[in-house]
Amino acid sequence: RRFPNLFDLFLDEILFVSNVKYLFFRTAAGKRLWAAFWPSRVPQPVAWVGGACMMIRRAQMEAIGLFDDHYFFYREDCDLCLRIQKKGWEVVYHPECRFTHRWGYSSQKNPEKVSMEGRRSLLYYFQKHGGPFGFQIAKLLVLGGLWLRAALLGLGGLFRKDFRGK
């Protein structure tokens with residue numbers, strides 16, 4: 001995983017690349033491709049790990065602080081890992097550490113709210129770490145992506161049978 005950046009935000013919000021990747025990597029071919037390119041059997045430095053299961057030394061937490069309360073849903077783990085790395089420490093994926101986490105389970109209950117809160121957290125991340133210019137571009141990309149989704153959903157509605165009265 002990489003830290004959020006404006007290029008990936010453009011790909012995800014405007015071109016829907018993350019949606020396509022998500023669907024592809026759920027297929028058998030996608031899982032095989034992931035396994036071929038991700039050497040998951042060896043410990044290795046990574047940009048960030050999911051906050052559901054992190055092991056952090058107490059001294060590190062005391063040096064960087066706890067999770068930022070301004071994040072409501074998502075990105076708090078990215079923020080924490082970035083602060084760790086800014087202090088000169090590494091974030092390491094270790095394959096012998098096992099944990100089962102049901103990704104997306106909370107978001108199934110209210111996906112629209114989670115989607116909006118996730119975008120708010122992403123914008124806060126860019127406000128905190130992307131500088132004023134990066135934050136403004138991130139806002140434009142998120143708003144543009146929301147407008148594009150609304151337009152596509154509206155156009156899609158024109159072709160529904162019940163909309164045309166048939």
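Is Leu152 buried, partly exposed or exposed? At 43% relative accessibility, Leu152 counts as partly exposed. Keep in mind as you read on that this is a predicted model. The protein chain has eight helices and two strands, and buried residues make up 27% of its 166 residues. Here is a short tour, topic by topic.

**Overall layout**

- Starting at the N terminus, the elements of the protein chain follow the order α-α-α-β-α-α-β-α-α-α.
- Taken along the principal axes, the box filled by the C-alpha atoms of the protein chain is roughly 65 × 40 × 30 Å.

- Leu152 belongs to helix α7, which covers residues 131–158.
- Together with Leu155, Leu158 and Phe159, Leu152 forms a nonpolar patch on the surface.
- The accessible area of these four residues together is about 410 Å².

**Aromatic pairs**

- If you enjoy looking at rings, there are four aromatic pairs to find in the structure.
- One of them joins Phe72 and Phe73, whose ring centres are 6.1 Å apart with 40° between the planes, a tilted arrangement.
- Phe72 counts as exposed, because its relative accessibility is 53% and the cut-off for exposed is over 50%.
- Another pair joins Tyr125 and Phe126, and this one is edge-to-face: the centres are 6.0 Å apart and the planes are at 85°.
- Both partners of that pair count as buried: Tyr125 has a relative accessibility of 4%, and Phe126 has 6%.
- Ring pairs also link Phe72 and Phe73 with Tyr74, giving a cluster.

**Cysteines**

- For anyone planning to look for disulfides, the count in this model is zero.
- A disulfide needs two cysteine sulfur atoms within 2.5 Å.
- The sulfur of Cys78 has its closest cysteine sulfur in Cys81, at 7.2 Å, so the two are too far apart for a bond.
- Cys78 is also buried, with a relative accessible area of 0%.
- For Cys97, the closest cysteine sulfur is in Cys53; the distance is 7.1 Å, which is again too far for a bond.
- Cys97 itself is partly exposed, with 43% relative accessibility.

**Gln44 in strand β1**

- Gln44 sits in strand β1, which is made up of residues 44–45.
- Its relative accessible area is 14%, so Gln44 is buried, given that buried means under 20%.
- The side chain of Gln44 makes a polar contact, reaching the backbone oxygen of Val42 at 3.3 Å.

**Pro95 in a loop**

- Pro95 is part of the loop that runs between strand β2 (92–93) and helix α6 (111–129).
- Although Pro95 is in a loop, it is buried, with a relative accessible area of 10%.
- Pro95 and Gln85 are separated by 10 residues in sequence, and their C-alpha atoms are 20 Å apart in space.

Terms used:
Residues numbered from 1 in each chain as written. Predicted model: local features only at pLDDT ≥ 70, side-chain atom pairs only at ≥ 80, totals over all residues. Heavy atoms only, no water. Helix = DSSP H or I, 4+ residues; strand = E, 2+ residues; numbered from the N terminus. Buried < 20%, exposed > 50% of the residue type's maximum accessible area, 1.4 Å probe, protein only. Polar contact = N/O pair within 3.5 Å; in protein donor to acceptor, adjacent residues only side chain to side chain. Patch = residues over 30% accessible without salt bridge, like charges linked within 9 Å, V, L, I, M, F, W, Y side chains within 5 Å. Areas by Shrake-Rupley, 256 points an atom, 1.4 Å probe, with all protein chains shown as cover. Salt bridge = Lys/Arg side-chain N within 4 Å of Asp/Glu carboxyl O. Phe/Tyr/Trp six-rings, centres within 6.5 Å; stacked < 30°, edge-to-face > 60°.
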